[in-house]
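User: I have a structure open and want to learn how to read its features. Can we go through them one by one?

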Amino acid sequence: MFDQIFQCAATIARYRAAPLRRSRVSYLSHWAERGAKPLTLRRLARAQVMAIRYLDLGEEGEVTPAALSEAVSRWARRDTGRRGPSARDRAAFARQVTGWLRFAGRLESSGKPRSRNEERVEAYVQHMLRERGCSASTALAVRGRVAEFLRHIEGEGLALADVEVSTVDDALRRKAEASGCSRVTLAAHATALRSFFRYAESRSWCQAGIAESIVAPRIFRLASLPSGPSREEVRSLIATTDGDRPASVRDRAILLLLSVCGLRAGEVRRLRLEDIDWDAGTLCLHNTKNGRSRTDPLGSSVGAALIRYLREVRPSTAWREVFLTVRAPVRPMHGSGIPEMVRWRMRKAGIEGPRRGAHSLRHAFAQRLLAEGFSMHEIGECLGHRCPEATAVYAKVDLASLRQVADIGLEGLA
């Protein structure tokens, strides 16, 4: 391993002779398998040797967080020059050492016990995953909303058993006043709390009848207009990926799938190598929202961007997902990775608007089809909608047709 990341024979020999060689090599190999570059591996190797010195590590024993913090401080004071390591260098060193110790099973946990409410939230999350069949993303979102409410009542000095319906109503009202949440956001919080209290009531954690008394704000169907960037804005967005940088090549393929094919961010993230039929020029898309799969055509521009990404940027790895991180550790993109990338590039392109996420490109795709004369049924097929009602909202944004209706004369009736 060391002869692969260092060139000097004396340096290689020094790292081979340092203590805990097997543990150090195992961790470096773990990172190398995940796509870490030689520079990253050299930094990790140096941090390991420094950690052994300043922690006085032996073959056995765990390192406490306090001991690690003190070792980082002593490492930072080692330089007698005018400038010591920066705060960023200290954080990087601590992160490198912590990762190795945790990987080796040598880092002692903080020992901080979880509160009763934290244990209840985790039990409810496991119930959602195992009994109700909810997706991990749904369980994660609900966990955050329920945990926020439980922290609120803890701050008020209330136990879960003391909560009443008025307590929940007051918490939702305060949230609306403090953060200016929309009705949709408040409805999501109310729905999460209603579900949690239903489960809590079955476990005798709370008073009976709270779940059924939680009232969510009423949401009216088709009350809002889907908004997306214009064609010119989409072009400027894609132009931010010009160049040969690995991230730009990858992001260009993603943006074309979102804006030219109208895919959801989750569909792009879950796309696997075997889902691309190059001979037929199609994509097999798996939609966890409605549990169905569909086949969409792969346009020439999107195909060219995908081919370039696969040939020039995507590393050789066992992962089957098409889109991976460009920095080590190489792994499939996180659930929020694509939306965050789109928002960042929209800011870079100077695109303003109330919605600047990945889904806004899907709205722009639907609006473009509508403007070009496609029927609602055809647009729904392209978007993968299961029922016509899901596509009906786009009828409200066909302003050109609405203006034609408005210009119709009343022929003397007025």
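User: Which residues have the most contacts inside the largest nonpolar core?

Analyst: A nonpolar core is a set of buried Ala, Val, Leu, Ile, Met, Phe, Trp, Tyr and Cys residues joined through side-chain atoms within 4.5 Å. Buried means under 20% relative accessible area, exposed means over 50%, and partly exposed is in between (1.4 Å probe, protein chains only). Here the largest core has 37 residues, and Leu257, Phe323, Ile338 and Val342 have the most contacts inside it. This is a predicted model: local features need pLDDT of at least 70, side-chain atom pairs count only at pLDDT 80 or more, and totals for chains, interfaces and linings use all residues. Residues are numbered from 1 along each chain as its sequence is written, and side-chain values use heavy atoms, with hydrogens and water left out.

User: Which element gives the most to this core?

Analyst: Elements are DSSP runs numbered from the N terminus: helices are H or I with at least four residues, strands are E with at least two. Helix 13 gives the most, with 7 residues. The elements that supply two or more residues include helix 12 (231–239), strand 2 (282–287) and helix 17 (358–371). A separate core of 29 residues includes Trp31, Leu68, Ala71 and Val97.

User: How many helices and strands are there in the protein?

Analyst: The protein has 20 helices and 3 strands. Of its 414 residues, 38% are buried.

User: How many aromatic pairs does the structure hold, and how do I read one?

Analyst: A pair of aromatic rings is described by the distance of the centres and the angle of the planes. Rings of Phe, Tyr and Trp (its six-membered ring) pair if their centres lie within 6.5 Å; planes under 30 degrees apart count as stacked, over 60 as edge-to-face and the rest as tilted. The structure holds 11 such pairs. Take Tyr199 and Trp205: their ring centres are 5.5 Å apart and their planes at 80 degrees, so the pair is edge-to-face. Both Tyr199 and Trp205 are buried. Now take Tyr309 and Phe323: centres 5.2 Å apart, planes at 25 degrees, so this pair is stacked. Tyr309 sits in helix 15 (residues 300–312) and Phe323 in the loop between helix 15 and helix 16, so the pair ties together parts 14 residues apart in sequence. Tyr309 and Phe323 are buried too.

User: Which residues do ring pairs link into a cluster?

Analyst: Tyr124, Phe149, Phe196, Phe197, Tyr199 and Trp205.

User: Is Pro332 buried, exposed or partly exposed, and what is it in contact with?

Analyst: Pro332 lies in the loop between helix 15 and helix 16. At 21% relative accessibility, Pro332 counts as partly exposed. Contact means heavy atoms within 4.5 Å. Leaving aside neighbours within four places in sequence, Pro332 is in contact with Trp319, Glu321, Phe323, Leu324 and Thr325.

User: Is Ala139 buried or exposed?

Analyst: Ala139, in helix 8 (residues 136–155), counts as buried at 3% relative accessibility. Not counting residues up to four places away in sequence, Ala139 touches Val125, Met128 and Leu129.

User: What share of contacts between residues at least 6 apart in sequence join residues at least 24 apart?

Analyst: The share is 58% in this protein.
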